[in-house]
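User: I would like a close look at one part of this structure, the charged side chains that pair up. Please keep the explanation plain.

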Amino acid sequence: MISIHTAEFDAAKDLDRIKDQAAKNHLTFAIAVDNEGANWRASDNRYRPSIYLVDKAGNVGYRWEGDSAVKGTRKSPIRSTLLAEQSPTGK
C-alpha cells in the first residue's frame with residue numbers, strides 16, 4: 001500500500017508536518033508527496049480522497065472517490081481478489 005499526498009492548501013505542503021502527522025496516526029506505509037499536483041492531474045482526480053485498487057500488473061481494477069471511498073474499499077470483495085492475484089512474473 002502506498003499513499004500519494006497532494007496538498008490542498010499551502011500549509012499541507014510542509015514535509016515535516018506531513019511526517020509528524022504520519023507518525024501521529026501510526027502510518028507505516030510509503031507516502032509520496034506530490035506538492036505540484038502532477039499525479040493528481042495525471043490520474044484525473046476530482047475528489048478527496050481518491051482510492052485505487054491496482055493489480056500486480058499495474059492495471060487499475062477499481063476506483064473510489066470522495067468521503068465514502070474508505071468505507072467502500074473495506075467492504076469490497078474485489079480487494080481480496082486483487083491482492084491474491086499472481087504477478088505477471090509469478091512472484
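Is Lys13 buried or exposed, or partly exposed, and what is its relative accessible area?

Analyst: The model is a predicted one. In it, Lys13 is partly exposed, with a relative accessible area of 33%. The label follows from the cut-offs, because buried means under 20% and exposed means over 50%, with partly exposed in between.

Lys13 has a charged partner. It forms a salt bridge with Asp10, and the closest N and O atoms of the pair are 3.6 Å apart. That distance counts because a salt bridge needs a side-chain nitrogen of Lys or Arg within 4 Å of a carboxyl oxygen of Asp or Glu. Asp10 has a relative accessible area of 64%, so this residue is exposed.

A search of the whole structure finds four of them. One of these is between the side chains of Glu8 and Arg48, with 3.4 Å from N to O. Glu8 and Arg48 lie 40 residues apart, and the pair links distant parts of the chain. Glu8 sits in the loop between β1 (2–5) and α1 (15–24), while Arg48 sits in the loop between α2 (38–42) and β3 (50–54). Glu8 is exposed, at a relative accessible area of 51%, whereas Arg48 is partly exposed, at 32%.

Another salt bridge brings together the side chains of Arg63 and Glu65, at 2.8 Å from N to O. This pair belongs to a network in which salt bridges with shared partners join Arg46, Arg63 and Glu65. Arg63 is partly exposed, with a relative accessible area of 34%. Glu65 has a value of 22% and is also partly exposed, because the limit for a buried residue is under 20%.

Ser3 is partly exposed, with a relative accessible area of 25%. Leaving aside residues up to four places away in sequence, Ser3 touches Phe29, Ala30, Ile31 and Ala32. Of these, Ala30 is 27 residues from Ser3 in sequence, yet the two C-alpha atoms are 6.3 Å apart in space.

How values were computed. Residues numbered from 1 in each chain as written. Predicted model: local features only at pLDDT ≥ 70, side-chain atom pairs only at ≥ 80, totals over all residues. Heavy atoms only, no water. Helix = DSSP H or I, 4+ residues; strand = E, 2+ residues; numbered from the N terminus. Buried < 20%, exposed > 50% of the residue type's maximum accessible area, 1.4 Å probe, protein only. Contact = heavy atoms within 4.5 Å.
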